[in-house]
Amino acid sequence: MRVISASALVVALALLPSAASAQNDRRPAGAKTAETPRSTPLPRDTIKRLKGGDPAQVKAALDDVRMAAKDGSPAVPAIAEVLRAGLSPMLTQAAIETLGDTESEGASEVLGSYSRHRNVVLRRAAVLALSRTRGAVATKALRASLSDPDAAVRATAATALGGMAAKDAVSDLFVALDHKVAEAAASIGQLCAAQECDRLASKLGSVPFDVVTSGLDQVLFRGGKDVSDDLKVKIVGRVRELGTGEANRFLREVQGKWPLAWSQRVRQAIDQAVLATSSSPGSGGGQ
Amino acid sequence: MSARRLGLAIAVATAIACGGGQTRLNLFSTNWEDDGGASIARVWQRVGKATIPPSVDVVIGVAGHADKMIGLPLAGGSKWTFAHPLDTRPVVAGAVVVGSGGGEAFALDASSGRVIWRRPTGQIALLGAGDDGAVTVVAFRDAGGSGSVLLAVTHDGQVVRQIETSMSLGAPAVIDRLAFVPWAGQYVSVVDLLNGDEMARVTLRDETSRAWTEGGSLWFGGAGFTRFDEHIRDASKGKASWATVKIPTLPGQPKLMRSANAPVGALADAQDKVRVYARPKGTDAGISIEDGRWYGTYFRLAMGFDASAAKLGWVHLNGADFVGAAAAPGGIVLCDEQGKVTELDARTGGILSEQDLGESVKACVVNVDAQPASGTPSGAKTLAGQLADAVLADDPQLVAMQTVLLRDLAEAADESATKALVDLASDPRTSPELLPEARRALAARRNGATFMEAALARHYDFLKDVLRAPPVAPIAQALGAMKDRSAAPLLATHLLDPADSDEDVMQAAAALAIVGGQDELPTMRQFFGMYRATADDDDVAAAVVSVGKALLALDGPAGRARVDAAVKDAMTVEYARDRLGELVAAASPAPVDAGKKK
């Protein structure tokens, strides 16, 4: 994860609830566990204040919705309406962030519009919010944002797609990875089917090691039957073949994190790979 | 006595030993009173009817390390080479090629490269030469650079005249053993090579440093062309047969002729690449410019201009820089640094023929006298097509001329010019110096809408490597002016493209206010809502106003209500609020159901 930009890290943190569920509490180094915010009931006059046109009241109403978190979803249509009608830049950003906090799919359409706003701050906020509202509309907007002129928007969109189980976005993510959107690698690792995971592994050598392994790490720690042991062993073998110090360090990290209850066959492959690469220059001198 | 002077003295002694005569002291004297043309008129009487044989049509390439000449006779015949150090550019005079270097001067048969004569000269530098088939007259700058030497050598190698002077001589010509020697930038003295007398002199009214024969006439030139004819006696009164070409302001300030008062280096320089060429032609009325064309070169570009109006007729983009050329009847023969010799048609700029010197060259001398450029031109596009090729060439050294050509392209009537302007304004490689002019020209176009719409269909797309938005603003201006309603959907998509510039959005909105229809209303409503309160500059705010205008016109009561609400809302940016208020005030009273947002 060392090459992942700070903006993507912010996104990763913002995406924690969804990422956590996808990874069964195993996530790349650097991620932290977020506490689920405690929601506050939505005041009755919230929607009236949202539509009242008084900036101060609108701001206060948005704050109330944010406090309500998911329970604020009844206010989503009203927020979308005032966003469509137009708000000041500050209120626009607050409204976008509020919609993200509601995690309501119904907000994705208006957020999709704002993901194309000329103001890059608003675009980044909209893309971040879309990562939380989810749904087909959000996925479509985020895929479009992979082509955004702003690198941070592209990175955020790439990360968001990984957290949204948007498997049909993998091909776009590969294109993004080829265009040096490093964050796409981790998302590919979260979403890829066997052949696609293998394709990601084949990037070793042509794409910076840290970028590719940010995705391979995701593949190796995907649970259930989503990724077979055969594939994991193959990926470990690919990394082992590099025979470099950074390959050894990565394998040792994986070795250290590998759950005791997980596949012993994969564990054995990891152990052997660590041993085989331990004498590589820069490896740190073995296990 | 300096070593250089000593060398010259030795050369002089050698010349005398070989039978050369001494000269009269008053030669090139400035204590001379204008004789009203009497003496030059006598010379005209003597040699005016003489038949002047054509010079050899040949291309001479300077190759290697300026130690090799390649001759390519244009009338046919084999290429020849001659190995010899060259200090200055060789000169073609009549049927010979004169060169100097390695402490000697030499003359070669221009058709075969055979050595005709060679003489030791020390370090004096060749200025120019003339030849009448029997005698070669060569002018040199002396080794000190302050005076000149004139050497007359017969084809059997005898020096018949050697003249040293403190005056600055130019390139001479010879007819019937009379040397016509330009000097001091304004005189031509006629020197009788038999006795060394200056038998006549003429004062010319414009800068003159060259004399040469061409097309059966004797010419004097520098800034223009003066013909040696029956009017030469009135030259000092400005009534000689004279013509020049009207050269507009062009990059590099190209000249019609290089001054022959200073030696020209063996290797081509910028003046060789940026040049003007024209060929004078004697007529009953005096003289004219052959084919009504003069030509310009600018590195890889060759251009044909109308001689009377200086209007561009054609432009040809070459693969390599041109380093030499000569105008011919019917066209121009050009030589490039790759050693390619191209003959272009005077009228169209189409290629008439291509030949090759066989290797790259450091400089090139082209001499064309009798042979007309003829044949059927190939590959000649329309002027607009040629201009498109020229301005789209990705070559930084062409930018200055491309800027000039862009103006011609802007004036070209056909749609291909529009396409070229679209391509130029869209291409990320286009020089920043060209881009503003290209966008201005594009905005002024009134045809080629299909090319503009094709460009509008493109959007910035990072993953597809489309890293520059199309030139939306000028296209929108043009399409709006053309009232092209079919462009409205495409213009609408650019309202919401964050990669477009603020100006692009402003102009797209302005055009939509003219050509937009019901189908564009959803996009316009979305834009109006998103930006009426978030526009962060006047361009985007102006776009909001334009869209508001369209909503008022197209969206009925709902549109009126939307705009009314924006005017009343303090969050609407001031620029837009004020102008929208004016629009509302100018519009008819609000409908009864106004005030309800759609």
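In helix 15 of chain A, the buried residues (20 or more other C-beta atoms within 10 Å of their own, C-beta atoms being placed from the backbone) are Leu231(A), Lys232(A), Ile235(A), Val236(A), Arg238(A) and Val239(A). They lie on the same side of helix 15 of chain A, because they cover an arc of only 155° around the axis, taken from the directions from the helix axis to the C-beta atoms. This is a predicted model, in which local features need pLDDT of at least 70, side-chain atom pairs count only at pLDDT 80 or more, and totals for chains, interfaces and linings use all residues. Residues are numbered from 1 along each chain as its sequence is written, while chains are lettered from A and ligands numbered from 1 in the order in which they are written.

**Helix 15 of chain A**
- Its buried residues pack against helix 13 (194-201), helix 14 (209-220), helix 16 (245-257) and helix 17 (264-277) of chain A; helices are DSSP runs (H or I, at least four residues) and strands likewise (E, at least two), numbered from the N terminus.
- Just after this helix, Gly243(A) has a positive phi of about 60°.

**Contact between chains A and B**
- Chain A gives 23 residues and chain B 18 residues to the contact, where C-beta atoms, placed from the backbone, lie within 7 Å.
- On the side of chain A, helix 5 (76-85), helix 6 (89-102) and helix 11 (170-178) each give two or more residues.

**Strand 27 of chain B**
- In strand 27 (residues 331-336) of chain B, 6 of 6 residues are buried.
- Strand 27 of chain B pairs (at least two DSSP bridges) with strand 26 (residues 322-328) of chain B in the antiparallel sense over 6 bridges.

Technical notes
Buried ≥ 20, exposed ≤ 12 C-beta atoms within 10 Å, placed from the backbone. Contact = placed C-beta atoms within 7 Å.
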